[in-house]
Amino acid sequence: MPGRRPPPRGFVVDANVLIDYADSDASLLALVGTHLGPLRVLLPVLAEVDQLSPADCERLGIALIEPDLAMLSAAAAPQSRISLPDRLCLLEAQANGLACVTNDRALRSVCLEAGVPVLWGLELLTELVARRVL
């Protein structure tokens, strides 16, 4: 978990992490939401994940976020280092005091530059183990 700052109020999860968990055991995401903090996924990010549907997310306790026009406009500003869905993850994390969970190095770098806490997808599991949930 991120150190030296207050713990995040939850997590915004990138597509690559959702795919990894869905391919292994999606029920672990429900444990994260219960024991570590709420999970949020932006609908444009979920659209990149064939393995999970909105109904799956609801069942797992993952909040689906529809970006508003202001967020979409801000994310549409050109930035060559990260994709539009990744910019949406960054903006959601900044706006709501969330940590961004991603395995994407470019998104991690941009988040760190912006002062957004970042976790690797595997760090969620290690924290569940540390808390003796797994």
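Leaving aside its neighbours within four places in sequence, which residues is L52 in contact with? In this predicted model, local features need pLDDT of at least 70 and side-chain atom pairs count only at pLDDT 80 or more, while totals for chains, interfaces and linings use all residues. Residues are numbered from 1 along each chain as its sequence is written, and side-chain values use heavy atoms, with hydrogens and water left out.

The partners of L52, with contact meaning heavy atoms within 4.5 Å, are L18, A22, A26, L29, L46 and L60. L52 itself sits in the loop between helix 3 (43-46) and helix 4 (54-60); helices (H or I, at least four residues) and strands (E, at least two) are DSSP runs, numbered from the N terminus. The relative accessible area of L52 is 7%, so this residue is buried (buried means under 20%, exposed over 50%, partly exposed in between, with a 1.4 Å probe and protein chains only). Along the chain L52 and A22 are 30 residues apart, yet their C-alpha atoms are separated by 6.9 Å.

Turning to helix packing, the axes of helix 2 (residues 27-35) and helix 8 (residues 121-130) come within 10 Å and cross at roughly 60 degrees. Here axes are lines fitted to C-alpha atoms, for helices over the stretch in contact, and angles run from 0 to 180 degrees between N-to-C directions. Helix 2 is therefore oblique to helix 8 (under 35 degrees counts as roughly parallel, over 145 as roughly antiparallel, 65 to 115 as roughly perpendicular and the rest as oblique). L28, L31, V32 and H35 of helix 2 meet L124, L125 and L128 of helix 8.

A second pair, helix 6 (residues 84-96) and helix 7 (residues 105-113), has axes that come within 10 Å and cross at roughly 30 degrees, so these two helices are roughly parallel to each other. Their contact is made by D86, C89 and L90 of helix 6 with L107, V110 and C111 of helix 7.

The structure also holds four salt bridges, each a side-chain nitrogen of Lys or Arg within 4 Å of a carboxyl oxygen of Asp or Glu. In one of them, E92 pairs with R40, with the closest N and O atoms 2.5 Å apart. Because E92 lies in helix 6 and R40 in strand 2 (residues 39-42), the pair ties together parts that are 52 residues apart in sequence. E92 is buried at 3% relative accessible area, whereas R40 is partly exposed at 26%. R81 and E113 form another salt bridge (3.1 Å, N to O).
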